[in-house]
Amino acid sequence: MAQWECIVCGWVYDEAKGDPENGVAPGTKWEDVPEEWLCPDCCVGKEDFEIIEGSESTAEEEVAEAEHANDKPIVIIGTGLAAYNLIKEFRKYDKETPVIMITQDDGRYYSKPMLSTGFTKDKDADGLMMADAGTVAKQFHASLWTMTTVTAIDTEKQQLTIGGATHIDYSKLIIAWGAEVIRPKMGGDALDQVFSVNDLMDYANFRDAVKKTDAKKIAIIGGGLIGSEFTNDLINGGFETETVDPMGYTLPTLLPEAAGKAVQQALEEKGAKFHFGPLENGDFGPVATEVNKTESGVAVTLNSGQTIEADLVVSAVGVRPRVELAKAAGIECNRGIVANRLLETSAKNVYTLGDCAEVNGHVLFYVAPLMACAKALAKTLSGTPTEVSYPAMPVTIKTPACPVVVSPVAGEVEGEWSIDQDGLNVVAEFKNAAGELLGFALTGEGTKEKMRLQKLLPPIMQ
């Protein structure tokens with residue numbers, strides 16, 4: 001019987017097993033699963049699942065693979081969701097072409113959005129893992145090089161340098177190495193107690209530190225998407241939190257004030273504490289300037305003069321595309337690695353996707369865009385040039401204290417918000433002068449309006 005995988009969190013629906021805990025009996029085929037059924041792990045609907053292709057090789061496929069053994073490989077730099085979904089999609093069309101995947105980490109397959117659910121679910125890094133590197137390599141017939149750093153790209157020779165010495169020729173190169181964390185400038189003698197959680201190894205390190213220090217209270221720097229999700233997750237895990245951000249409320253770059261303050265209120269009702277701007281003297285809001293050791297943990301000093309006592313600190317200021325190696329190779333970069341709708345960069349036979357990419361002017365750090373890119377690029381690499389399209393792609397933010405769905409509005413777009421609010425339940429619609437819906441922000445019970453409003457949105461990139 002078939003298996004269907006959630007593209008958001010990786011949870012697998014097995015028709016043989018069903019989902020008895022949620023009323024779906026073993027043996028229930030996917031088409032017979034009720035439309036109102038939701039993923040048990042991340043609560044998205046059936047539209048965010050796709051069938052898992054069979055991974056067994058036939059004798060004919062093994063012969064064909066041997067015939068291609070001396071071909072120059074396709075090389076993929078990265079093993080995040082973008083890279084793994086690309087190889088999964090590519091193998092639907094081409095099971096023989098050699099593929100090498102190179103990563104600086106241990107190559108475990110996991111869903112990055114699930115990093116901010118680990119304490120809620122009480123799962124360590126292995127508990128969030130969907131498969132180890134060896135399993136993935138076997139499933140997708142790829143050579144997977146873990147704990148390996150690419151130090152240079154020669155786009156003329158179509159060659160990579162590994163560790164300053166080893167060279168690899170490629171037929172096509174895909175850069176899918178994601179984003180790096182933005183690290184705030186801070187002083188103090190306890191910066192080793194400041195953690196950023198940008199991948200599974202980061203998450204493992206943070207959990208180890210929590211266990212080692214017997215941490216009870218976490219200071220969080222940043223009240224945006226990552227900071228808000230970690231605030232909710234850590235509270236669910238039994239921790240105290242204090243969150244600092246110079247803006248005026250939670251999720252300020254994504255939500256209008258009414259919606260952001262609804263999320264803030266819900267988190268405060270669960271025990272979260274926030275330090276938001278502006279300051280009493282009218283200056284821009286509070287920022288952390290130092291982290292210093294104390295007898296019992298650390299002290300975070302703010303520019304307002306306040307001090308936050310905590311056991312550990314999570315820096316959740318944000319991320320930016322990794323571009324330095326591409327820049328050094330002469331590949332055009334702007335905010336991200338510049339690519340057209342075929343995901344081609346300025347260098348011949350070099351492509352990019354995921355958090356490091358700027359596709360036709362768009363830099364989007366969400367799952368849906370990278371999934372669209374993976375599907376399109378897989379067809380292109382297998383011989384059918386396919387441009388990527390971005391439909392309207394609302395984002396679900398994992399703050400279960402006050403659920404949020406948002407279709408972000410670009411800062412330069414002209415229009416106005418209209419707000420319908422009942423307590424923590426907000427339906428905010430952003431329309432232009434012609435009355436056309438360009439974005440929305442939904443909180444609480446207002447998230448039930450997602451499907452209705454999504455149908456009214458224009459595509460992001462048609």
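Reader: Where is the place of D214 in this chain?
Author: You'll find D214 in the loop between α6 (200-213) and β15 (217-221). Keep in mind that this is a predicted model.

Reader: What makes D214 worth a look, going by its phi?
Author: Its phi is positive, about 50°, although D214 is not a glycine.

Reader: Which value does phi take in N360, and where is N360 found?
Author: N360 has a phi near 50°, again a positive value in a residue other than glycine. N360 belongs to the loop between β25 (357-359) and α10.

Reader: How do you know whether A133 is buried or exposed?
Author: Use the cut-off again: under 20% is buried. A133 has a relative accessible area of 14%, so A133 is buried. A133 is part of helix α5 (residues 133-139).

Reader: What does A133 touch, apart from residues up to four places away in sequence?
Author: Its contacts are D106, G107, R108, L144 and T146. As for W145, A133 is 12 residues from it in sequence, and their C-alpha atoms are 8.9 Å apart in space.

Reader: How do you know what span helix α8 should have, and what is found?
Author: The expected span is 1.5 Å times one less than the number of residues. Helix α8 (residues 257-269) has 13 residues, so the sum gives 18 Å, and its end C-alpha atoms are 18 Å apart, which agrees. Just after α8, G271 takes a positive phi of about 115°.

Reader: Which residues of α8 are buried, and what covers them?
Author: The buried ones are A259, G260, A262, V263, Q264, A266 and L267. Their cover includes α7 (225-236), β17 (273-275), β27 (404-407), β29 and β30 (437-443).

Reader: You mentioned β29. What makes β28 and β29 a pair?
Author: Two strands pair if there are at least two bridges between them. Strand β28 (residues 416-422) and strand β29 (residues 425-431) have 7 bridges, in the antiparallel sense, so they pass. Across this pair, I419 stands opposite A428 of β29. The hairpin has 2 residues between the strands, and in it G423 takes a positive phi near 65°.

Reader: Why are β18 and β20 called edges of their sheet?
Author: The sheet is open, with 3 strands in the order β18-β19-β20 and antiparallel pairing. β18 (288-293) and β20 (307-310) each have a single partner strand, so one side of each is left without a neighbour in the sheet. On average, neighbouring strands here are turned by 20° against each other, direction ignored.

Reader: How many bridges hold β19 to β18 and to β20?
Author: β18 and strand β19 (residues 298-302) pair over 5 bridges, while β19 and β20 pair over 4. V300 of β19 is the bridge partner of V291, and V300 also has I308 in β20 as a bridge partner. In the hairpin of β19 and β20, with 4 residues between the strands, G305 takes a positive phi near 100°.

Reader: What angle do α2 and α10 make where they cross?
Author: Helix α2 (residues 81-93) and helix α10 (residues 367-381) cross at roughly 35°, their axes coming within 8 Å. The crossing is right-handed. By class, this contact has 12 nonpolar, 1 polar and 3 charged residues. Among them are L86 and F90 from α2, and L370 and K375 from α10.

Notes: Residues are numbered from 1 along each chain as its sequence is written. This is a predicted model: local features need pLDDT of at least 70, side-chain atom pairs count only at pLDDT 80 or more; totals for chains, interfaces and linings use all residues. Side-chain values use heavy atoms; hydrogens and water are left out. Axes are lines fitted to C-alpha atoms, for helices over the stretch in contact, and angles run from 0 to 180 degrees between N-to-C directions. A crossing is left-handed if the near helix is turned anticlockwise from the far one by less than a right angle, and right-handed if clockwise. Contact means heavy atoms within 4.5 Å. Ala, Val, Leu, Ile, Met, Phe, Trp, Tyr, Cys and Pro count as nonpolar, Asp, Glu, Lys and Arg as charged, and the others, Gly among them, as polar. Buried means under 20% relative accessible area, exposed over 50%, partly exposed in between (1.4 Å probe, protein chains only).
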